[in-house]
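Please keep the sequence and the coordinates at hand.

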Amino acid sequence: MGTSAFQSVVFSGGGIRCMWQSGFWDSLARTGSLKPAMIGAVSAGATVACIALSGKSEEGFAYFKQITRTNQKNIYLSNLFSSRPVFPHYRMYRNAILEIIDNQALKRLQEGPDVRILIAKPPFWLGPVSATLVGLAVYSLEKKIFYPMHPVFASKIGFRPVVVSVRECSTPEELAELLLQSSCTPPFVPVMWRNNHPTLDGGMIDNVPVSILADQQGDMLVLLSRQYPKEKIPDIPGRTYIQPSEPIKIDKWDYTNPAGLQDAYDLGIKDGQAFLQHNG
């Protein structure tokens, strides 16, 4: 199947490991044949998708390497009793989005495929803090026991999806808020709010959000961010799941490792080239 056949692409979440998706996308995009009409994305995968579709992939990758090179720690315990953040991730993440995607880049992004981003809305009977604890516990438990491609536990206890198109964002600041809401995983990213409701990482509902493109026709390319056992990958006509050919060695919240970012990106480039050789 040639890359021109894909009418939609899904970017899964996975924190900094999503740099593999950036490399894979860049390999395919260079051919000029990958032109989906719709993108579904969540968490860091949504950020990678927006940077790529805004035409800032190269600049974005260089910027992330720069800021992780100068950041020495993922947790600053010495800040516990000061006004400075203990975890640097939120500040670095938000500043990166605003540095990379300016008004012109946002315009290019909105003129391209419609990018839908998944956010998790906690149950009404849980407050923001308790929802975080419950959501993360349920997500981690399900992943550890069943290692599912598409989790269901959070939805069963009342977490609900909120899907927002980037075309609703009128400024880079609004886009940054949306991407951070979709990536909201305390304590790295504090609890955020949308329309007076707390929001959490959309990956708690589905870290591979194919469901938000259920109304789309045509073939779908699904970009994962970690390896799954073959038996866990659904065999669905018209849907192609692609995962890294090797385990990505960097932790998803490691903001101190530019070499790890480079390795993940390079692996994405290699896997993208291999995909093109078989499906060009």
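In which loop is Pro187 found? Pro187 belongs to the loop between helix H8 (172–182) and strand E5 (192–194); helices (H or I, at least four residues) and strands (E, at least two) are DSSP runs, numbered from the N terminus. The model is a predicted one, in which local features need pLDDT of at least 70 and side-chain atom pairs count only at pLDDT 80 or more, while totals for chains, interfaces and linings use all residues. Residues are numbered from 1 along each chain as its sequence is written, and side-chain values use heavy atoms, with hydrogens and water left out.

Most residues other than glycine have a negative phi, and most peptide bonds are trans. Pro186 and Pro187, however, are joined by a cis peptide bond with an omega of about 10 degrees. Ser43, in helix H2 (residues 43–53), has a positive phi of about 55 degrees although it is not a glycine. Asn196, in the loop between E5 and strand E6 (197–201), likewise has a positive phi, of about 70 degrees. Ser43 is buried, with a relative accessible area of 6%, whereas Asn196 is exposed at 72% (buried means under 20% relative accessible area, exposed over 50%, partly exposed in between, with a 1.4 Å probe and protein chains only).

Ser43 also belongs to the lining of the largest pocket, where Gly15, Ser43, Asp201, Lys252 and Trp253 lie nearest the centre among 30 lining residues. A pocket is here an open set of points on a 1 Å grid over the protein atoms alone, where a 1.4 Å probe fits, with protein on both sides within 12 Å along at least five of seven lines; lining residues have an atom within 4 Å of a point. H2 and helix H6 (128–146) are the elements that give two or more residues to this lining.

The structure holds six salt bridges, each a side-chain nitrogen of Lys or Arg within 4 Å of a carboxyl oxygen of Asp or Glu. One of them joins Arg94 and Glu177 at 3.6 Å, N to O. Arg94 lies in helix H4 and Glu177 in helix H8, so the pair ties together parts that are 83 residues apart in sequence. Arg94 is partly exposed at 22% relative accessibility, and Glu177 is partly exposed at 26%. Another salt bridge links Asp114 to Arg167, with the closest N and O atoms 3.9 Å apart. Asp114 is buried, with a relative accessible area of 14%, whereas Arg167 is partly exposed at 44%.
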